[in-house]
Amino acid sequence: MKNAIEALQSRRTIRTYTAQPVERRIIEEIVDCARLAPTAMNDQPWDFIAVTGKEALGRIPPMLGHAEFVANAAFAVLVLSREATCAVEDCCAATENLLIAAEAHGLGACWVAGAPQPYAPAVAKAFGAPQDRKLIAIVSFGYPAEAPVVEKRTLADVLHWEKF
Ligand SMILES: Cc1cc2nc3c(=O)[nH]c(=O)nc-3n(C[C@H](O)[C@H](O)[C@H](O)COP(=O)(O)O)c2cc1C
């Protein structure tokens, strides 16, 4: 398993997956890492829905109108938030933890936008979320069948010492 620094350095968004299933134990560990993320005032405003069924995964892209790759994922996690002071920030921290935990396990993942996209309420409802929960993100997961190269701004470009 990769350590945190290795996982952060090697992670890239993966949208093409092999047909290999992911053990339930690994799915649980990935979500367990998400629920340990920091939150404003320790609100922990989230719930997570793990979607593993092929039919259910296939229902997601038509609701979004994009992200067809979700249908071919081994599983997806819907990140939902109740009302909270920093609900979006909290849930984005949890979502990043999902991505890094997946990478540490050798899985690929793709973060798909939730709120404020117009489809977010319908997706949350379709998966049985109570009305007071907002869909913040959808993350698809699977063993990677691609190794994309993504251009990143360099450290020298983004790091300013002492002042901008
Ligand atoms: C808030 C957020 C929303 C995103 N939404 C989508 C999406 O709807 N569809 C998609 O294919 N990728 C989505 N992505 C993935 C980005 O396209 C990807 O992170 C970006 O191109 C940088 O690539 P990297 O993740 O490999 O560094 C999203 C990422 C973030 C952080």
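This is a predicted model: local features need pLDDT of at least 70, side-chain atom pairs count only at pLDDT 80 or more; totals for chains, interfaces and linings use all residues.

1. The chain contains six helices and four strands. Their order along the sequence is α-α-β-α-β-α-β-α-β-α.

2. A compact globule of 164 residues would have a radius of gyration near 15 Å, and the chain, at 16 Å, therefore agrees with that expectation. Along the principal axes, the C-alpha atoms occupy a box of roughly 50 × 40 × 30 Å.

3. Of the 164 residues in the chain, 32% are buried. When contacts between residues at least 6 apart in sequence are considered, 79% of them join residues at least 24 apart.

4. The largest nonpolar core has 38 residues, and those touching the most other members are Ala76, Val79, Leu98, Ala109, Val139 and Phe141. Two or more residues each are supplied by helices H2 (24-35), H4 (87-104) and H5 (120-126), and by strands S2 (75-81), S3 (108-113) and S4 (134-142). H4 makes the greatest contribution to this core, with eight residues. In soluble globular proteins, nonpolar side chains tend to be buried together.

5. Apart from its neighbours within four places in sequence, Leu98 is in contact with Ile30, Ala34, Val77, Ala109 and Val139.

6. Which residues are around the ligand? They are Arg12, Thr13, Arg15, Ala67, Cys110, Trp111, Val112, Ala113 and Val150. This shell comprises six nonpolar residues, one polar residue and two charged residues.

How values were computed:
Residues are numbered from 1 along each chain as its sequence is written. A residue is near a molecule or strand if its C-beta atom, placed from the backbone, lies within 6 Å of it. Ala, Val, Leu, Ile, Met, Phe, Trp, Tyr, Cys and Pro count as nonpolar, Asp, Glu, Lys and Arg as charged, and the others, Gly among them, as polar. The radius of gyration is taken over C-alpha atoms; the globule rule is 2.2 Å times the number of residues to the power 0.38. A residue is buried if 20 or more other C-beta atoms lie within 10 Å of its own, exposed if 12 or fewer, and partly exposed in between; C-beta atoms are placed from the backbone. Two residues are in contact if their C-beta atoms, placed from the backbone, lie within 7 Å. A nonpolar core is a set of buried Ala, Val, Leu, Ile, Met, Phe, Trp, Tyr and Cys residues joined through C-beta atoms within 7 Å.
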